[in-house]
Amino acid sequence: MGVEGIGARVARKEDKRFLTGKGRYTDDMSVAGMKYAYFVRSPYAHAKIKSIDLSAAKAMPGVIDVLEGKQLLADGIGNLICGWMIHSKDGSPMNMGAWRPLAHDTVRYVGDAVAIVIADSVGQARDAGEVVSIDYEELPVVTDAISAMESGAPQIHPEAPNNLIYDWEIGDGSATDKALSEAAHITEIEIHNNRLSPNPMEPRATLGIYDSAEDHYTCYTTSQNPHVARLVMSAFYNVAPENKLRVIAPDVGGGFGSKIYIYPEEIVCLWASMKTGVPVKWTSDRTEAFLTDAHGRDHVSKVKMGFDKDNRMIALKVDTVANLGAYMSLFSSSVPTYLYATLLSGQYEIPAIHCNVRTVYTNTVPVDAYRGAGRPEATYLLERTVETAARELGVSPAELRRQNFIRSFPYQTPVIMNYDAGDYEASLNAAMSAADWNGFASRREEAEKRGKKRGIGMSCYIEACGIAPSQAVGSLGAGVGLWESAEVRVNAVGTVEVLTGSHSHGQGHETTFAQLVAERIGVPLDSISIVHGDTDKVQMGMGTYGSRSGAVGMSAIVKALDKVEAKAKKIAAHLMEADESDIVIENGELKVAGTDKSLPWFQVALAAYTAHNLPAGMEPGLKEGAFYDPTNFTFPAGCYICEVEVDPETGKTEIVQFVAADDFGNIINPMIVEGQVHGGIAQGIGQAMLEGVRYDPRTGQLLTASFMDYAMPRADDLPSFEVSHQCTPCPGNPLGIKGCGEAGAIGSPPALINAITDAIGTNALNMPATPLAVWNAIQARN
């Protein structure tokens, strides 16, 4: 490891522009003649559109045009799609209802877009939007998943009888039932995983530009995967042919999954630019973000876990109902199935597992992946169940986990996944030591003297990252491959440009990707540029989500670097009249091993481009590309321990200690990894204690549409985190990386709720564990 290479704690290169206000976000983009959009949205959760009158709005000052859904339909713009096909257990395909970019006959949630106003200013567009006259016929509403399946519930899509999207299963139901029938002890629990709003710092935005002279479209957008956005908008939504559409995702201020998808606004702004002949920009305000950004989680599950007489886990049976909102979003179908149920073995050797999942439509915002995407739901369910079982069995929750850990790898779970490597006991031991687990009893006794209730909780999580290989996910219903691409360009003076199909929206790619190059070639970080986010500059790539950038994106860079190095060594061997096998690259030089012969990197690069003295038959230049398709998922894992104090008079919970011990395989930049863990834990604490989307069940109105009503974690809600890393390298990729971006949000909620329920002496507590919820749980117990 060099001072800037793999393993170095290098400060992020990109932070200079972010911290000095020099970032370039979509809303910063401005082009000649640009106008502003305002979307007219449904105030009703479910209604028929009887008529729309745009005339008054069109007559307002500064208005360029007002457009509605029937015009969009007439121009052949397609429905939004879900890109992952799931089949029910009877073999029937999922019931996908139509989602129009602008609704023209029925609106299905508050915020459903109905019309777009284009005007000289945002204010003029908003004023005109308020005089668009729409005659609605209100329809009955349903907002929760269980009620949506009841007989007589409002029917949201004609394609989905009883609002059922699919009824899917995984695992061996018969074997699981048999094992449960023979169990010495069965733990049963109902788990609610609360609905969340993603709330990235930067709201969504888009700028659509149509150039009539070239018949070409450009879309600036807040996207985590611009190439997929271009593919879907061209192939499925008929916005423009792929070769006539450029998608640019410049600096993006956080995504957490919510910016993976293509939303109506990108489609409509591009179409509106073509219709009006002017560039059209829209930037969401925060209320629009609450109303329209894809939500996350929202599961209700019933669980049975069986144990033999020696407290060995022998069976797990899960029945889950998942609320997918009013429409199916791009990857929504995969979240409660292959990203959730396949992780229900956790870190444990459970011989029989069966999970049944029903997904339903409701009159709420569509639900899709949010940081962790299925993995937090699986971990919360499993770790709350294990903790409950330990209490029922009267054994240590740590030792119950330890007794049931998987210890031999590779390990084939009963639910598809094949774990390649891990040492779960190492993380458990590290976390227990850092948390002074054995000293907890004395701390609890001391807190009791002060009138406080102290509790400790644990969570042992595993997740699957770098979803792949493409052939496997294709067989499971994915509509795209999940490989990644890279191109490494060495310029004539030796500087390096890396074009990556991954996308950075807070992960620090401009630093960590450059560290990889610096490690391999030995050139300084300042001479390495990372290029991403522009479909006209970068080759086709699959973007960033699911903690895939390191394991998949950087592996593609490794493959491209292998080719660059091989060619550079050939050139150096030719110039120094040495054998190619004797050439090594060290500290920015190509050397003949065992001699004093060497050439600086820039001189070899220059030789590649002057081409005066190259090996016979070699093409000039030093530029190589590669695609990398993983052979398996990666499996980060760890153990989190949380300690809390609860004030029984108010229900106020204080986190007094939080310890995280993670195994991410090999780490490129420990400082960035620790930052990712800190951020994930903060979001997990937010879910566990504060956050929760609420709807009025009678009207479908969103009750948590501002930060006055939706509580986000603040600095004084969070403790200092103590983090450590254990390492079992991933054998499935060339860098041994597993991924770190989602772990904190996966492992923290169950650790915190386990701690609070331990403190208050009752298990009857759902997320978010607000002071009122905790106080009510204490009163109910008393």
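Four strands make up an open sheet of mixed pairing, ordered β21-β20-β19-β25; strands here are DSSP runs of E with at least two residues, helices are runs of H or I with at least four, and both are numbered from the N terminus. Two strands count as paired if DSSP finds at least two bridges between them. The edges are held by β21 (528-531) and β25 (623-628), each of which has a single partner strand, so one side of each lacks a neighbour in the sheet. From one strand to the next, the twist averages 15°, with axes taken as lines fitted to C-alpha atoms (for helices, over the stretch in contact) and angles running from 0 to 180 degrees between N-to-C directions. Helix α15 (residues 509-521) packs on this sheet, where it touches β20 and β21, and its direction makes about 135° with that of β21. Within the sheet, β19 (residues 484-490) and β20 (residues 496-500) pair in the antiparallel sense over five bridges, and the bridge partner of A486 is T500 in β20.

The model is a predicted one, in which local features need pLDDT of at least 70 and side-chain atom pairs count only at pLDDT 80 or more, while totals for chains, interfaces and linings use all residues. Residues are numbered from 1 along each chain as its sequence is written, and side-chain values use heavy atoms, leaving out hydrogens and water.

Beyond its neighbours within four places in sequence, L344 is in contact (heavy atoms within 4.5 Å) with L316, V318, I350, I353, C355, A378, L381 and L382.

Helix α10 (residues 375-393) is largely enclosed by the rest of the structure, because 16 of its 19 residues are buried, that is, under 20% relative accessible area, with exposed meaning over 50% and partly exposed in between (1.4 Å probe, protein chains only). After α10 comes G394, with a positive phi near 70°.

Another buried site is S427, with a relative accessible area of 3%, found in helix α12 (residues 424-434). Leaving aside neighbours within four places in sequence, S427 contacts G638, C639, A661, D662, D663 and Q726.
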